[in-house]
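Visitor: I am new to this structure. Please show me how to read it, one feature after another.

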Amino acid sequence: MSALSFLDREHSVAGLGFNRWLVPPAALCIHLCIGEVYAFSVFNLPLTKLIGITKAAQGDWSLADVGWIFSVAILFLGLASAFTGAWLDRAGPRKAMTVSAFCVGGGFLVGALGIQLHSLPLLFLGYGVLGGCGLGIGYISPVRTLMTWFPDRPGMATGLAIMGFGGGAMIASQLSVLLMHHFASATSLGVAPAFATLGIIYAVFMLVGAAIVRLPEAQWRPAGYVPAAATSRLITDQNVDVRTAVRTPQFYLLWAMLFLNVTAGIGVLSQASPMIQEMFKGSVTPLAAAGFVGLLSLFNMGGRCVWASTSDLIGRKATYFIFFLLGLLLYAAVPSIAREQKITAFVLCYGIILSMYGGGFATIPAYLKDLFGTRYVGAIHGRLLTAWSAAGVLGPVLVDYIRQYRIHEGVAKADAYSATMYLMAGLLFIGALCNLAVGPVSRHFHQPNAPAAE
Amino acid sequence: MQTETQPAKLALYWAIALVPLAWGVYRTVLNAMKLFS
C-alpha cells in the first residue's frame, strides 16, 4: 500500500454510525481559506510601493498592473474547476482538498518569492495561476461532499460551505493587514513575509480539513429520508453525465443566471468604497466607507447560508425569482435613495442585494443537483463556475466604464452611478426570464442503467 | 442506522472552523460601526 493511499476516495469513507455534522467543519476549513481571494485588494496599495516604501517610486508596479492579479486568480479558479471537475469526482474530497492546499499554499510562497525579487510574472504565476488553480480545485469538492451527506437539505449544506468562502474574505482582510504591520520595517512593507506566512497558515488549515473530511457509503441515506423527486417535477432522481449536461438548455440557462447575478453584484462590490463616498459626498469618510465594505461582506456571507437554506423550503426556482425581481426593484430604487441622501436605506438596499449575490452562489449547486442528479454534480458545477470567471472580469469593467463615460459626458460624480444601477436592474430582468425558462431535463438526457444517486 | 453523537469531537471540529470565522466577523463589525458613528 502506498504511503499516500489514505488520500484515496475509498479510504475516506465513513464507518457505520458516523455523525454527518462532523463534515461541515471540514468544508469550512477549505472555504474559509480560499475565500481569501476576495480580500486580495488589501495588498494592492502596498504592492505599488515595494521600492518607494512611503510612496510609489520609479520601478514600482502600477495599480493597474497589480489589479490584474485578482482577475487572473478568478480566471484560473473557473478554468481549474471546469477542467478538473470530473477528476475531483473520481479522486474524492481528501485528495482534492490536499492538492488544493498545496496549490494555494505554494501559490502564496511563489508569490512571496516574486514580491521579494520584484518579479511581477512570478507573482502572477504563483498567486494568480497556481493559487487560482488551488481555489478552483478546493471550491467544488467540499460542496459536492456536503450534498451527498445532506440529500434532505442540499441548499443548507452548500450554503454552509459557501458561507465559508464569504467569511474567508473577512478573516483574510484582517489577518493580512495584521501580518504586514508585524513584518513592516523601515526598509520593507512586510508584504513578502506576510504572503509566505499566509501560505503556510492556509496550507496547514486546509490540510486539517482534508484530514477530517469523510464520504458516506454509496447507498447511505439519512434516517427517515424520502427523496424529493416525487414532490417536484424540477427535482430528478436520475443522473445526467457532465458531457451530456453541457448539451442541455438548462445548463446554459443556469450559466446565464449565475453570470447575470454575479455581474450585478461583483460590479458593486468592486466599487463600493468610492461609490458611497461619491454618492454621499461630505458625509461618508474613507474610514466609514471601509466599514460599508465590511458590512457588505457580512451580508454577502450571511446571504449564502440564509438564502440557500430558504431554497430547501421554497424551491430553487422561487429563490432565484426573489433574487432577480427583488434585486431589480432595489437597484432601480438606489438612485432616488441616494439623491434623497437616506444613508440607512442605501446601506440596507445594498446589504440585501449583496445577500442575494452570495445566495446565488450558494443556491446554484443545489439547483444543479435538482436538475441533473447528485452523481456528476461536482463536475457540472465546475463547468458552471466559468460564469463566475466571466462575470468577475466583466462586472467591475462594466461599472467602471459606464461611470467614466458618464463623467466624461459632464454628469456629476454623485449621479454617475445611476445609469449603472438601471443597467444592473436590466441584467437581473434578463436573469428572471432565464429562470422562467428553466424546466425539467428531458428524459433522453438521463444516464441509462445508472444508480439513481450516490 | 444509529448515529453516534460524539459531542467532544463535534465541539472540537466546529471550534476549529468557527473560532477564526468569529474573529473575522468581530473585527469586520468593529470597522462597520464607523459608518454610523
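## A guided reading

Guide: Begin with where the chains meet. This is a predicted model. The contact takes 24 residues from chain B and 25 residues from chain A.

Visitor: How do the residues on the chain B side of that contact with chain A divide by type?

Guide: Sort them by side chain. The side of chain B that touches chain A has 13 nonpolar, seven polar and four charged residues.

Visitor: Which domains does the assignment give for chain A?

Guide: Chain A has domain 1 (18–218) and domain 2 (233–443). Over C-alpha atoms, the centres of these domains of chain A are separated by 22 Å.

Visitor: How many residues of domain 1 of chain A are in contact with domain 2 of chain A?

Guide: Count each side. In chain A, 33 residues of domain 1 are in contact with 31 residues of domain 2. On the domain 1 side, α3 (63–91), α5 (120–149) and α6 (154–183) of chain A each give two or more residues. That side divides into 18 nonpolar, 12 polar and three charged residues.

Visitor: Now the core. What is the general idea?

Guide: In soluble globular proteins, nonpolar side chains tend to be buried together. Here, the largest nonpolar core has 160 residues. Those with the most contacts inside it are A:Cys29, A:Val104, A:Leu146, A:Met206 and A:Leu258. Domain 1 (18–218) and domain 2 (233–443) of chain A each supply at least three residues to this core.

Visitor: Which residues is A:Leu146 in contact with, leaving aside neighbours within four places in sequence?

Guide: A:Leu146 is in contact with A:Val23, A:Pro24 and A:Ala27, and also with A:Ala157, A:Thr158, A:Leu160 and A:Ala161.

Definitions and conventions
Residues numbered from 1 in each chain as written. Chains lettered and ligands numbered in written order. Predicted model: local features only at pLDDT ≥ 70, side-chain atom pairs only at ≥ 80, totals over all residues. Core = buried A, V, L, I, M, F, W, Y, C linked by C-beta atoms within 7 Å. Buried ≥ 20, exposed ≤ 12 C-beta atoms within 10 Å, placed from the backbone. Domains from an automatic or database assignment. Contact = placed C-beta atoms within 7 Å. Nonpolar A, V, L, I, M, F, W, Y, C, P; charged D, E, K, R; others polar. Helix = DSSP H or I, 4+ residues; strand = E, 2+ residues; numbered from the N terminus.
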